[in-house]
Amino acid sequence: MSGASGTPDDAAGLPPAPEVIQMEVGLLQNFCEILYCPQTHEAAIVDPAWEVDRLLNEVGRRGLKVTTVLVTHTHNDHIEGVDLVVEKTGAAVVVNPREAAAVSAPGRKMIDAVDGREISIGKRGLRALETPGHTVGGTCYLGDGYVVTGDVLFVGGCGRTDFTGGDSAQMWKSLQRLTRLPEQTRVYPGHDYGDTPTATIAHELRSNRFLRCATFEEFRALRERKRS
Ligand SMILES: [Zn+2]
């Protein structure tokens, strides 16, 4: 594994990526994804917080079975539905150890999303990438062809670094790592803040002003000036 340095080969060795259903939920333009294996019908839900009934209805309508909850980070607008999803499905919760306390519970199956950890969804697979900066344990989930970025990278933006655990220098490194993924990699962000619900890394490299900064100092000035 390449670890924190990141390379275009971060997805190397993974089975095909789960299929993606992107859903916008709640009052803060949050995105949830349902990721599933079309062969075994096993599914993961990313960051369940809002409208859990609607998410589970979609799962049921498609004949899927939720085995996994993937947590990108533990701000309330990304985790408030974790308990309900686990209660209704018995899913295991995948989260970075630095933030696990916020979503752990007695008897709950927890999986540490340490860097490079492969997570199986049926016969499909993803890999955890540690991407701190918005929070201490912020994690992206990389599949072959796409990456789920939580509040690290948005279409046209990036996450704030002024909350507890935020760090602009770490965010810069995490974003640099994402920009080294293959350019056609599709980004599934944690909020619908951009002109489009998803975009490619290539698109973001051209148009996202946080990624266009030439130096960390430039990035920090931009990030710490703008509070949204
Ligand atoms: Zn957040």
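User: How are the donor residues of the zinc ion spaced in sequence?
Analyst: In this predicted model, the protein donors of the zinc ion are His-73, His-75, His-134 and Asp-151. Written with the gaps between these donor residues, the spacing is H-x1-H-x58-H-x16-D.

User: In which loops do His-134 and Asp-151 lie?
Analyst: The two residues are 17 apart and link distant parts of the chain. His-134 lies in the loop between strand S8 (124-130) and strand S9 (139-143), and Asp-151 in the loop between strand S10 (146-150) and strand S11 (153-154).

User: Is His-134 buried or exposed?
Analyst: Buried means under 20% relative accessible area. His-134 has a relative accessible area of 4%, so His-134 is buried.

User: Is the site of the zinc ion tetrahedral or irregular?
Analyst: Four donors count as tetrahedral if all angles lie between 85 and 135 degrees. The angles among the four donor atoms run from 87 to 174°, and the site is irregular.

User: At roughly what angle do the axes of helix H1 and helix H3 cross?
Analyst: H1 passes H3 in a right-handed crossing. The axes of H1 (residues 52-61) and H3 (residues 82-89) come within 10 Å and cross at roughly 35°.

User: Which residues make the contact of H1 with H3?
Analyst: By class, this contact has four nonpolar, one polar and two charged residues. H1 gives Val-52, Asp-53 and Leu-56, and H3 gives Leu-84, Val-85, Lys-88 and Thr-89.

Methods: Residues numbered from 1 in each chain as written. Predicted model: local features only at pLDDT ≥ 70, side-chain atom pairs only at ≥ 80, totals over all residues. Heavy atoms only, no water. Axes fitted to C-alpha atoms, helices over the stretch in contact; angles between N-to-C directions. Helix = DSSP H or I, 4+ residues; strand = E, 2+ residues; numbered from the N terminus. Left-handed = near helix turned anticlockwise from the far one by under 90°. Contact = heavy atoms within 4.5 Å. Nonpolar A, V, L, I, M, F, W, Y, C, P; charged D, E, K, R; others polar. Donors = N, O, S within 2.8 Å, 3.2 Å for Na, K, Ca; no water. Tetrahedral: all angles 85-135°; square planar, octahedral: opposite > 155°, others 65-115°. Buried < 20%, exposed > 50% of the residue type's maximum accessible area, 1.4 Å probe, protein only.
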